[in-house]
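This report describes a protein model chain by chain and then turns to its nonpolar cores. Please look at the sequence and structure shown here before reading on.

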Amino acid sequence: MKKQFSLRDFSLLLSLLAIWTFFALAAPQYLSARNISMLSVELAITGTLALGMLLVILPGHIDLSVGSGVGLVGGIASVLVFNHGWPAAAAFGIAIAVAVLAWTLMGALIVRERIPSFIITLGGLLIFKGAFWLVIGSRTVPVAPGGQTNLYSLLTTYYFPPVTSWILGAVVFTIWVFSTLRSRQRRQKLGFSVDDKELTFLKLFITGQALALAVLLLNQFRGIPLPLVILAVVALAIHILTRHTPFGRQLYAIGGNEEAAFISGVPVQRVVIGAFMVLGGIVAITGLMQTAYAGASTTTIGDQMELDAIAACVIGGTSLRGGRGSVIGVIFGALIMASLLNGMTLLAVSPELKLIVRGAVLTLAVWMDVKLSKR
Amino acid sequence: MSALLQASAITKRFPGVVALDRVSFDLQPSEIHALCGENGAGKSTLIKLLSGLHPAGSFEGELFLDGQPARFHHITEAQRSGIAVIHQELALVGELTVAENLFLGNERRHRGFLDWEKTWTDARALLAKVGLAISPDTLVSDLGIGQQQLVEIAKAIARDMRILILDEPTAALSEHEVQTLLALLRQLRIQGIACIYISHKLDEVFALADRITVLRDGATITTVAIADTDKADIIRHMVGREISQLFPRHISQPGAETLRVKNLTVAPSPGEKPCLHDISLHVRAGEVLGIGGLMGAGRTELMMHLFGAWGHRIQGEIVKGDQPLFHRTPQGALYAGLALVSEDRKRYGLIIDESIGFNFSLSSIGRLLRGLLIDQEAEAHTNQKYFDDLRVKAPSLETTVGTLSGGNQQKIVIGKALMTEPKVILLDEPTRGIDVGAKLEVYELINQLTAEGRAVILVSSELPELMGMSDRIIMLSEGRIAGEFTREEATPEKLLAAAMGQALAPVTS
């Protein structure tokens, strides 16, 4: 599972630099602290959703309904808060419960009735969109009444103060260093291949630099935005889930060879339903963040987000046939997608062209995946 | 020297292995030339070279066709030169008719449109040539394997092929179909079509071939005319050692009954006709129960059902010790102390793109926990133990199983089953497609398992293996038990008679 620094990783890094360079030249404010901060929120939203998507792509499924789901969840919470005066936390609870239930149901239909996930979630896409528009009455429903702040609106407007931000960055880096060194030490003890000392140090050094630079830039605006912390928590949770639990192990096994996994005693149905269930929860979190970011629930919230999530997964090295993919790759893929979309918005690219670029990127990523997995 | 096809001093390397080492081979006009050798001897690689699947330039040495140097860069170039390969997995489209398949990519046309009349007349003529009495508008999926094979050959004739390469053509055929095929090949030989025939079945080889070339470990061992050799000689060349030591069964004292199956009747799914009827059997600790039968007798179905992976039980029960088992999934079977090594390693056994370690611990991962998380150290240590015990030949636990040889892949599947520490081990064709050395290791392992007091149910379609390794043998025929024999009672004749559903009748051979 541990790979060397590959051509693929390298080309990802290069394309990210190319995207940043292009937009920085085309629009100098692209690299401003304010825009970097916005970009980081957008990264958090796309990344969180893509991490959920990873869970169902790993066992060889797909979910086209997450975009609509994002809209629906945000809509439900907004209506409860704005129209009915519920406290945000209670509204969150209902919204999350609805999403988990809906996704569990879809998962059950997919594995128990053996309907391809493509079809079930395509149905879900339409049903959730319709339900969403019904819920908000096809109007605009703000996340907080009359310019007030509540938990809902704070979701994307809260920034950790600079000192706390530095501490957060340091904590993340410490965890990173600790887990890298521990895993290296363990692998060495078991006689597995490891990067040599210099390379390990170099990687940690660069990671530290990048983290410090990010915190520095974000602090120039308002500090680390809350969504970024949510992304970090979700990423850590999904990483542990996929790499350190039997559930995750079995997700990879099902994607690699479902029949062999079944014969090996993997409860295939339960695991896949579980993956959809967790995805439901993540869709809810994403829906709340995305709606809060827009400030209100409107009919277009969540449009095409399923495609961004799938593209982020595939760009990050997740195989659509299942069995391959990692958290760090997906976050990288999400960073590329978010950088691209943010840049286009900044340049005021027309929505028509935006659609075309999105489609082209998705196609290119899948084509690369097909090419690379053929070897 | 006017060889039709000649390969001289061919060397083909794969990363880390020399698959063929200065192999020479020639095919004369109107000759049937058999290619023999163990799995991994290099037969398939040689075929792939001759048919353009390994393109010119990817190997050293030269090919000659009609004395002219031939360089195939692609499989279609070899086909254009008249070389056709009939593969083990047939390349026919099941949803199309026989006639459509015969001219696939080579359609009979009239002014750009399909000429159905000519398609059917030509198809009929071709089918007559291969002795198939079926209508050209039969769907291929409605044909048996043997008939499909004949359609493949007819397809090759339709393209004016001069050289047929048949790779294990009779593996899935009934005796009657085998005879039809052999007769056809003899007839084609008269018409000037030469043939390279690859088979493990020496009876066929000796009934058919003019010459035999034996490959071993990627090198040509010998090429002899059929008249100058005999089976024992060929086997000696193939194995390179005496084979008397092949079945080293150490009989251990059987203990208490471990598993009992009572009156089991099973259908593929609810509402269908049963394909296992009233099966009753038992196996004791330390005992090897052999299960034999012809293809389609229900051996694999029985194993898969016992393991909870297949079928709808109409009646009967499975009892372990004195406790009835109700499992309906492999997960439940594993929990009950059963383990299965499936017959189809690639399909049911392995996650081919994952590492050895991943595959080893897949069935036992729920027991290698610390809290809710996988205890990676415990996992690695357990994996390492099985890696060493089974003497897996691979660089490390992190090697992808897809890169291993068949024998080593089989060890991974077996290791995965053993790691669950089963009381009863179901081995379905455990030595299929692995070389003699690895087979021997599997046999040793069976001895070791029974010595530890585990019960083994061994399914095998090779009678020598079944007789050599079983303490008791049950033969299945059309989903029923057709006979039970002790090790001492069993003779090939008796077993075969039972398998064919006959009360002991004289066996023709």
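## Chain A

In chain A, 79% of the contacts with a separation of 6 or more are between residues 24 or more positions apart; a contact means that two C-beta atoms, placed from the backbone, lie within 7 Å. This is a predicted model, in which local features need pLDDT of at least 70 and side-chain atom pairs count only at pLDDT 80 or more, while totals for chains, interfaces and linings use all residues. Residues are numbered from 1 along each chain as its sequence is written, and chains are lettered from A and ligands numbered from 1 in the order in which they are written.

Chain A has 15 helices and four strands (DSSP runs numbered from the N terminus, H or I of at least four residues for helices and E of at least two for strands). Its radius of gyration is 21 Å, close to the 21 Å that the globule rule gives for 375 residues, so chain A is as compact as a globular protein of that length. The radius is taken over C-alpha atoms, and the rule is 2.2 Å times the number of residues to the power 0.38. Of the 375 residues in chain A, 45% are buried, that is, with 20 or more other C-beta atoms within 10 Å of their own.

## A helix pair in chain A

Helix α10 (residues 246-256) of chain A packs against α12(A) at an angle of about 105 degrees, and the axes are 10 Å apart. Axes are lines fitted to C-alpha atoms over the stretch in contact, and angles run from 0 to 180 degrees between N-to-C directions. The angle makes α10(A) roughly perpendicular to α12(A), a term for 65 to 115 degrees. Among the residues in this contact are F247(A) and L251(A) of α10(A) and V268(A) and G274(A) of α12(A).

## Chain B

Chain B contains 17 helices and 24 strands. Its domain 1 covers 5-239 and its domain 2 covers 257-499, with bounds from an automatic or database domain assignment. The C-alpha centres of these two domains of chain B are 34 Å apart.

## Nonpolar cores

A nonpolar core is a set of buried Ala, Val, Leu, Ile, Met, Phe, Trp, Tyr and Cys residues joined through C-beta atoms within 7 Å. The largest one has 180 residues, among which L288(A) and L426(B) touch the most other members. Helix α12 (residues 268-294) of chain A supplies the largest share of this core, 16 residues. A second, separate core of 66 residues includes I47(B) and V151(B).

Methods: Buried ≥ 20, exposed ≤ 12 C-beta atoms within 10 Å, placed from the backbone. Parallel < 35°, antiparallel > 145°, perpendicular 65-115°, else oblique.
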